[in-house]
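Dear colleague,

Please find the structure below, handed over for your files. My findings follow it.

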Amino acid sequence: MSTLRLEDLNQYSDVLRTRQGEAINVRFVEPRDTEELQHYFRSLTTRSRYNRFFGAISELPKGLLSEFLDVGARDRFTVVATRMVDGFETIVAEARYALHAETSTLEFGLSVDDRWQGHGIATALMKNLECRAAALGTERMFGETLRSNETMISLARKSGFAFVNHPDDWKLVRFDKEISLAPKDVPCASWRLVALSRQADSPSATA
Ligand SMILES: CC(C)(COP(=O)(O)OP(=O)(O)OC[C@H]1O[C@@H](n2cnc3c(N)ncnc32)[C@H](O)[C@@H]1OP(=O)(O)O)[C@@H](O)C(=O)NCCC(=O)NCCS
């Protein structure tokens, strides 16, 4: 497993493109995002929040908020996807992922601002997560969603995930995928950094 350098989270930022080609910045959440992150969740429709958290909440409860902001704690990470709106960096999507080192898997959940849904942001973000998962050395990634969440189910199917019943909860379905990225794709900063650190570790061919 590679180790993230949490003291410099910015180096793991990536630029994704919406289907229309607009640039979206993906980076780890930071303490300065606290208000904006809560604003983002409050602004989601009730349905989107329910689908994201499998229950009715109007904002992140205090404990969950601090977990979201504590990047790297217990191998859990939050990324936000942002774009500039009227000169302000605005969150348009978020994803949270957990590294389960013992099973070499990465678990994730995500949401996209309702006004930005249907622009390919989740598709791009899931590819980015796949790259982050590969850089962490995991073999599979998976998520869980409500059986009634047709959008997420359709998105997961299109993104190459297979479905299995949830072991404990009949209302949920689990989608799972083998990580298949080859290093030559290098589609995220995490992997570029892993590649660079490997180059630095290996003796120079011209020495
Ligand atoms: C599920 C969600 C993340 C999808 O985000 P998105 O950025 O709109 O997704 P994309 O634009 O990348 O769409 C990808 C695919 O999802 C499916 N999809 C998107 N919107 C859909 C809709 N309204 N109805 C049915 N399927 C839909 C389509 O298959 C689409 O592919 P296509 O456009 O080629 O047909 C978003 O709807 C969301 O945030 N929902 C609330 C939170 C949630 O459900 N999270 C999942 C729990 S982990």
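The residues of the shell around the ligand comprise six nonpolar, 14 polar and three charged; here Ala, Val, Leu, Ile, Met, Phe, Trp, Tyr, Cys and Pro count as nonpolar, Asp, Glu, Lys and Arg as charged, and the others, Gly among them, as polar. This is a predicted model, in which local features need pLDDT of at least 70 and side-chain atom pairs count only at pLDDT 80 or more, while totals for chains, interfaces and linings use all residues. Residues are numbered from 1 along each chain as its sequence is written.

In total, 23 residues surround the ligand, the closest being Asn-51, Gln-117, Ala-122, Thr-123 and Leu-155; a residue is counted if its C-beta atom, placed from the backbone, lies within 6 Å of the molecule. At least two shell residues come from each of α2 (46-53), β5 (105-112), α4 (121-135), β6 (140-146) and α5 (150-158), and α5 gives the most, with six. Helices (H or I, at least four residues) and strands (E, at least two) are DSSP runs, numbered from the N terminus.

The open sheet has eight strands in the order β1-β2-β3-β4-β5-β6-β8-β7, with mixed pairing; two strands pair if DSSP finds at least two bridges between them. Its edge strands, β1 (14-17) and β7 (162-165), each pair on one side only. Strands β6 and β8 (residues 172-178) run antiparallel and are joined by seven bridges; Thr-145 has Val-173 in β8 as its bridge partner.

Finally, Pro-61 lies in the loop between α2 and α3 (62-69).
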